[in-house]
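Reader: Hi, I have a structure open and some quick questions. Can we go through it together?

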Amino acid sequence: MKRVLQRLENVQVMAIVGLAGATETGHVDDLEALADLAASLGAHFHVDAAWGFPLLLDKDHGRGLMKGAERADTVAVDGHKLLYTPMGCGTLLMRNPLDPSRVCKSARYIIREDSFDQGRFTLEGSRPAMAIYLHMNLRCLGRQGLLSRIAAGCALAQRLAEMLRRDESSFELITDPPQSNIVLYRYIPRSFRHLGSVLEEHGKALDHFQVALQSAQAAAGRSFVS
């Protein structure tokens, strides 16, 4: 990224965004390096931790992966992923407590200027109390309860990855090793296994096969692959 930026002229970088738990792979960017880059450019550093934020609960593994997230100016978190809340529990964490005032609106009939309605500082203006779901999960499950669920999912991902490695002629493990509870892999049909290094030339055919395979799995009703 540094080399790309060096080739650009008269470009002001406004923000650097790091992924902490990519939706398709579960992988985490080198957030420490991105934080250094943002600091050197004087740019806003945002971490998209919609998926991976709860990995911070894991002192043994997750916090090492997430190192650098603590330097972010803003962090996005989706409670309806690894924090086990219903859909729609999205949160934006801001380092600077004055940042919400950048979005500020009022009206005479609602969220008046002298009110304490926090809707004044949101894009939506008003919204359902989705934070209650997260509050209750933290109260009922607690840090340890959530960590046990996250750790169990990550352990299952490692177990699945090991099973796929044992049959490397039939399966290609794309994310190796898995960094969270997501395992990205594909099945290699018998008629393609002799192709070796030229396998990628048949990428579209392989992609179509994966879709058909997942449809068959869903129809059988015994397993589900997202």
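This is a predicted model: local features need pLDDT of at least 70, side-chain atom pairs count only at pLDDT 80 or more; totals for chains, interfaces and linings use all residues.

Reader: Where does Leu8 lie?

Author: Leu8 is in the loop between α1 (2–7) and β1 (15–19). Helices (H or I, at least four residues) and strands (E, at least two) are DSSP runs, numbered from the N terminus.

Reader: Which residues make the nonpolar surface patch?

Author: Val4, Leu8 and Val11 make a patch of about 250 Å². Patches take residues with over 30% relative accessible area and no salt bridge; like charges are joined within 9 Å, nonpolar side chains (Val, Leu, Ile, Met, Phe, Trp, Tyr) within 5 Å. A salt bridge is a side-chain nitrogen of Lys or Arg within 4 Å of a carboxyl oxygen of Asp or Glu. Accessible areas come from the Shrake-Rupley method with a 1.4 Å probe; for residues, only the protein chains shown count as cover.

Reader: New topic. What is the strand order in the open sheet?

Author: The order is β1-β2-β3-β4, with mixed pairing. β1 and β4 (90–94) stand at the edges, each with a single partner strand, so one side of each has no neighbour in the sheet. On average, neighbouring strands of this sheet are turned by 20 degrees against each other, direction ignored.

Reader: What counts as pairing?

Author: Two strands pair if DSSP finds at least two bridges between them. Strand β2 (residues 44–48) and strand β3 (residues 74–78) pair in the parallel sense over three bridges. Val47 has Val75 in β3 as its bridge partner.

Reader: Which strands does helix α2 lie across?

Author: Helix α2 (residues 31–41) lies across β1 and β2, and runs at about 175 degrees to β1. Axes are lines fitted to C-alpha atoms, for helices over the stretch in contact, and angles run from 0 to 180 degrees between N-to-C directions. Contact means heavy atoms within 4.5 Å.

Reader: Back to the β3–β4 loop. Is Met87 buried or exposed?

Author: Met87 lies in that loop between β3 and β4. At 67% relative accessibility, Met87 counts as exposed. Met87 touches His80 and Met130, not counting residues up to four places away in sequence. The C-alpha atoms of Met87 and Met130 are separated by 8.9 Å, and the two are 43 residues apart along the chain.

Reader: And what about phi of Tyr84?

Author: Phi of Tyr84 is near 60 degrees, a positive value in a residue other than glycine. Tyr84 is also found in the loop between β3 and β4. Tyr84 counts as partly exposed, at 40% relative accessibility.

Reader: Asp78: buried or exposed?

Author: Asp78 counts as buried, at 17% relative accessibility. Strand β3 holds Asp78. Leaving out residues up to four places away in sequence, Asp78 touches Ala50, Cys89 and Gly90.

Reader: Last one. Which peptide bond is cis?

Author: The bond from Asp176 to Pro177 is cis, with omega near 0 degrees. Pro177 lies in the loop between β5 (171–173) and β6 (185–187).

Notes:
Residues are numbered from 1 along each chain as its sequence is written. Side-chain values use heavy atoms; hydrogens and water are left out. Buried means under 20% relative accessible area, exposed over 50%, partly exposed in between (1.4 Å probe, protein chains only).
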